[in-house]
Amino acid sequence: MLALTFPETKAFMSRLLLSPVFDRFLLVEAQISTGVTISIDGHFLKDFYTEEELEEKEYADSSFSYWEHLRPVCLNLIKGKKTPLGFKFVFRLNSSNTAKLLSQAELPFSPADVAGLYLNLRYDQGKLTCTTATALSFFTLDKSLDGAWDSMVKKFFLKQEIAFEEA
């Protein structure tokens, strides 16, 4: 598990809410506290859409919504003159990028073995933090996936020019 803090909160929030930087992550859940606390379950409800819409939205093999579809909703909840009291976003790496990570890192796992690679963003008391997490569909003492995921997250933030510090 990796724990990071972001010293430039405003710059990070701009990337999160106003740009497509995180759009290809799946949103597992969101919780935003302003005057009230609003929770969003990121599970994608396929019954709401036609087959054509599902193909167009690339949701045929996913159980969660892409951030790009929920970002405008979250932006509307957060924007305003007052800073939110807090928020939490749980993102999951999509299946194609999970497969790429496994291949590039030459890990001994198949994509089916990986239940999820998670990015947890939390804003509380003026501090923005990120923690990583991995989940496999079986128990193992092998932590190579953890290391590869943590390394990829740091590279992602560096590539996106998002300043961070290890906590």
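These are my notebook entries on a predicted protein model.

**Ground rules**

I number residues from 1 along each chain as its sequence is written.

**Entry 1: the fold**

I began with the secondary structure and found 5 helices and 8 strands. Both are DSSP runs numbered from the N terminus: helices are H or I with at least four residues, strands are E with at least two. Along the sequence I read the order β-α-β-β-α-β-α-β-α-β-β-α-β. The radius of gyration is 16 Å, close to the 15 Å of the globule rule for 167 residues, so the protein is as compact as a globular protein of that length. That radius is taken over C-alpha atoms, and the rule is 2.2 Å times the number of residues to the power 0.38. Along the principal axes, I get a C-alpha box of roughly 50 × 45 × 25 Å.

**Entry 2: inside and outside**

I looked up burial next: 40% of the 167 residues count as buried. Here buried means under 20% relative accessible area, exposed means over 50%, and partly exposed lies in between (1.4 Å probe, protein chains only). The accessible surface comes to about 9600 Å², with 53% of it belonging to carbon and sulfur atoms. These areas come from the Shrake-Rupley method with a 1.4 Å probe, and for residues only the protein chains shown count as cover.

For contacts I use heavy atoms within 4.5 Å. Among contacts between residues at least 6 apart in sequence, 67% join residues at least 24 apart.

I also noted the charges: 18 positive and 22 negative side chains, with the centres of the two sets 9 Å apart. Lys and Arg count as positive, Asp and Glu as negative, and His and the chain ends are not counted. Each charge is placed at NZ of Lys, CZ of Arg, CG of Asp or CD of Glu.

**Entry 3: aromatic rings**

My search of the whole structure gave 20 aromatic pairs. Rings of Phe, Tyr and Trp (its six-membered ring) pair if their centres lie within 6.5 Å; planes under 30 degrees apart count as stacked, over 60 as edge-to-face and the rest as tilted. One of the pairs is phenylalanine 44 with tyrosine 49, stacked at 5.1 Å centre to centre with 5° between the planes. Phenylalanine 44 is buried at 9% relative accessible area, whereas tyrosine 49 is partly exposed at 26%.

Phenylalanine 157 and phenylalanine 164 make a tilted pair, with centres 6.1 Å apart and planes at 55°. Phenylalanine 157 is buried, at 0% relative accessibility. Ring pairs also link a cluster whose members include Phe6, Trp67, Phe89, Tyr123, Phe157 and Phe164.

Leucine 16 sits in helix α1 (residues 9–18) and is buried, with a relative accessible area of 0%. Leaving out residues up to four places away in sequence, leucine 16 touches Phe22, Trp67, Arg71, Phe89, Phe91 and Leu121.

Leucine 75 belongs to helix α3 (residues 67–78) and is partly exposed at 22%. With residues up to four places away in sequence set aside, leucine 75 touches Leu17 and Leu18. From leucine 75 to leucine 17 I get 5.8 Å between C-alpha atoms, across 58 residues of chain.

**Entry 4: loops**

Which residues did I look up for a positive phi? Glutamate 106 has a phi near 50° and is not glycine; glutamine 125, also not a glycine, has a positive phi of about 50°. Most residues other than glycine have a negative phi. Glutamate 106 lies in the loop between α4 (95–104) and β6 (114–124) and is exposed at 70%. Glutamine 125 lies in the loop between β6 and β7 (127–136) and is exposed at 75%.

Is asparagine 94 buried or exposed? Asparagine 94 is buried at 3% relative accessibility, in the loop between β5 (86–92) and α4. Not counting residues up to four places away in sequence, asparagine 94 touches Arg24, Leu26 and Tyr66.

Definitions and conventions
This is a predicted model: local features need pLDDT of at least 70, side-chain atom pairs count only at pLDDT 80 or more; totals for chains, interfaces and linings use all residues. Side-chain values use heavy atoms; hydrogens and water are left out.
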